[in-house]
Amino acid sequence: MRQARYLRRVNTRTATAEDREAIRALAEILAFSSPLDPAAFGPQFEAALADDHTDLLVAVDEGIVVGYLLGVVCPMFVYNGPFGFVQELLDDPQAGKGGL
């Protein structure tokens, strides 16, 4: 008989302005080709929150942001309507091995 693996209880929700620093810290991990520019991050974060075609979600484990997803929805002729794309997806490697 296989033994059950431990799975974390992670909730997802739409990001808010209060998640800015947690998302910035995670984005620094993802920015491996060049350093994240702190001066550019703020305006881009605000734009992501305000844009109707952008989804910014966070994964929260016991009140701590442990991951985020930045996605966009745009019209696509070949799909006969809107289509969503994941632009950035990251879970905190320090948050444990349970996965999201």
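Biologist: Which elements each supply at least two residues of the lining of the largest pocket?

Modeller: In this predicted model, the elements that each contribute at least two lining residues are α1, α2 (38-50) and β3. Helix α2 gives the most, with 5 residues. The volume of this largest pocket is about 370 Å³, and 15 residues line it. Those closest to its centre are Leu 36, Phe 41, Gln 44, Leu 70 and Glu 88.

Biologist: How many residues of each class are found in the lining of the largest pocket?

Modeller: The lining comprises 12 nonpolar, 1 polar and 2 charged residues.

Biologist: Let us turn to the chain as a whole. What pattern does the protein chain follow along the sequence?

Modeller: The pattern is β-α-α-β-β-β, from 2 helices and 4 strands. Of the 100 residues in the chain, 26% are buried. Among contacts with a separation of 6 or more, 49% are between residues 24 or more positions apart.

Biologist: How should I read the sheet, and what is the order of its strands?

Modeller: The general idea is that strands of a sheet pair through backbone hydrogen bonds, either parallel or antiparallel. Here the sheet is open, its 4 strands are ordered β1-β2-β3-β4, and the pairing is antiparallel. At the edges lie β1 (11-14) and β4 (81-91), each of which pairs on one side only. From one strand to the next, the twist averages 25°.

Biologist: How many bridges join β3 to β4, and which residue of β4 stands opposite Gly 67?

Modeller: Strand β3, residues 64-76, is joined to β4 by 10 bridges. Opposite Gly 67 stands Asp 91 in β4. On the sheet packs helix α1 (residues 20-30), which touches β2 (54-61), β3 and β4. The direction of α1 makes about 75° with that of β3.

Biologist: What of the pairings that involve β2?

Modeller: β1 and β2 pair in the antiparallel sense over 4 bridges, and Thr 14 stands opposite Leu 57 in β2. Between β2 and β3, which also run antiparallel, there are 8 bridges; Asp 55 faces Gly 71 in β3 as its opposite residue. The hairpin of β2 and β3 has 2 residues between the strands, and Glu 62 takes a positive phi near 50° there.

Biologist: With which residues is Asp 19 in contact, leaving aside its neighbours within four places in sequence?

Modeller: With those neighbours set aside, the contacts of Asp 19 are Arg 13, Thr 14, Phe 45, Val 58 and Val 65.

How values were computed. Residues numbered from 1 in each chain as written. Predicted model: local features only at pLDDT ≥ 70, side-chain atom pairs only at ≥ 80, totals over all residues. Heavy atoms only, no water. Pairing = 2+ DSSP bridges. Axes fitted to C-alpha atoms, helices over the stretch in contact; angles between N-to-C directions. Contact = heavy atoms within 4.5 Å. 1 Å grid on protein atoms, 1.4 Å probe; cavity = no way out; pocket = protein on both sides within 12 Å on 5 of 7 lines; lining within 4 Å. Points joined across faces, edges and corners; volume = space filled by probe spheres on them. Nonpolar A, V, L, I, M, F, W, Y, C, P; charged D, E, K, R; others polar. Buried < 20%, exposed > 50% of the residue type's maximum accessible area, 1.4 Å probe, protein only.
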